[in-house]
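Have the structure open while you read.

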Amino acid sequence: DKDGHKHFMAKEIAEQPVAIDRTLHAYLSETDDITLPDELDFTKIDRVTMVACGTGHYACLVGKYWFEQIAKMPVEVDVASEFRYREPPVSDRTLALFASQSGETADTLAALRYMSGKADQIVGLVNVSESSIARESDVILPLYAGPEISVASTKAFTCQLTILLIMALKAAQQRGIPLPEGMPSDLRAIPGLIHQSLMLEEQITASSRGLATARDIIFLGRGQLYPLALEGALKLKELSYIHAEGYASGELKHGPIALIEDTVPVIVLAPRDALFEKTISNMQEVMARGGRVVLITDAEGARIAGEGTSEVITMPQVPNALAPILYAIPAQLVAYHTAIAKGTDVDQPRNLAKSVTVE
Ligand code: F6R
């Protein structure tokens, strides 16, 4: 049941405030204490290894920034199909985390089995609680996103991010590291901020018409927004079949800048954070070469850097650590509306399956 929406994807994008509310309800008490299972003990491990495929892999990449910055823990992130064959040495002080919406992805399950008996603990971040990955994990952290029907993952991604952030906060607490200001109570703001971001839909619909005729599109982000550039590009290519690449802004001059011309739109994800100036300077290099820039930022960022861009999408102001969760919304909306403008099959893109149980 699409609940009045044209596609399951539209429904699932719109459901995110409610889905994340459910996730918060599960992992945050009414007095804002983190309520992750007691077995999760970040004092007996000294590193985290996160493994997943596709969108789940990008959620883990954001998790790496959070664990490193907030909990000061080293984190390794890999795609399951590489990890499982690399035979990486594993210390028994490793927490191994496997993120999978379906809980059935063959490569992720094989990577889990590789880590089983080697790592201190196997944690499954899954949406489907009766799944193989859930069954074979020591600790299951359900996403509570609700059923995700659309092939392209949306609400499972933002719920994964929410839990990874809560885990990083818990790890910091257990290891005696002060939490970033406002945390964890600021997490409560996520549903409302997503709701506000969803109001940008009309503007994004209009700008997506311009994107639909492009052959290539580049996404740029830096720091914790870099994985969002990767996710934006993945979502866009799977839904609209337009070739899209996500790059770390700082990598632009090491190759991709050669692609820049006025027919290649560049979407820049840049909230006004500590790295903002750096990203904007990369954006200006694009503009100096005739590139057409869509800047996704907040009001302050728009005031400072909006001039000369072909479009600015102004997001609500968000606490720093929450930016990756919020900036997922315009990334999803851009992909969805570009696909609508192109007339592709949004919920069931060609060649793709919701659950990839073959290698
Ligand atoms: C992208 C997408 C895929 C999945 C990937 C992993 O929108 O949906 O990239 O994220 O196939 O699937 P799960 O999370 O079920 O292991």
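## Surface and overall build

The protein chain has an accessible surface of about 14200 Å², with 49% of that belonging to carbon and sulfur atoms; areas come from the Shrake-Rupley method with a 1.4 Å probe, and for residues only the protein chains shown count as cover. Bear in mind that this is a predicted model, where local features need pLDDT of at least 70, side-chain atom pairs count only at pLDDT 80 or more, and totals for chains, interfaces and linings use all residues. Residues are numbered from 1 along each chain as its sequence is written, and side-chain values use heavy atoms, with hydrogens and water left out.

The protein chain holds 13 helices and 10 strands (DSSP runs numbered from the N terminus: H or I, at least four residues, for helices; E, at least two, for strands). Its radius of gyration is 20 Å, close to the 21 Å from the globule rule for 359 residues, so the chain is as compact as a globular protein of that length. That radius is taken over C-alpha atoms, and the rule is 2.2 Å times the number of residues to the power 0.38. Of the 359 residues, 58% are buried (under 20% relative accessible area; exposed is over 50%, partly exposed in between, with a 1.4 Å probe and protein chains only).

## Salt bridges

The whole structure has 18 salt bridges, each a side-chain nitrogen of Lys or Arg within 4 Å of a carboxyl oxygen of Asp or Glu. In one of them, the side chains of R113 and E136 meet at 2.6 Å, N to O. R113 sits in helix α5 (residues 106-115) and E136 in the loop between α6 (132-135) and β5 (139-142), 23 residues apart. K11, E15 and K155 form a network of salt bridges.

## Cysteines

The disulfide count is 0, with a disulfide taken as a pair of cysteine sulfur atoms within 2.5 Å. For C53, the nearest cysteine sulfur is that of C60, 10.0 Å away. C159 is buried at 0% relative accessible area, and its sulfur is 14 Å from the closest cysteine sulfur, in C60, too far for a bond.

## A buried histidine

H337 belongs to helix α13 (residues 323-342) and is buried, at 10% relative accessible area. Its side chain makes a polar contact with the side chain of E201 at 2.6 Å (N or O atoms within 3.5 Å; within protein, one must be able to donate a hydrogen and the other to accept it, and residues adjacent in sequence count only if both atoms are side-chain atoms). Setting aside neighbours within four places in sequence, H337 is in contact (heavy atoms within 4.5 Å) with E201, I204, T205 and S208.
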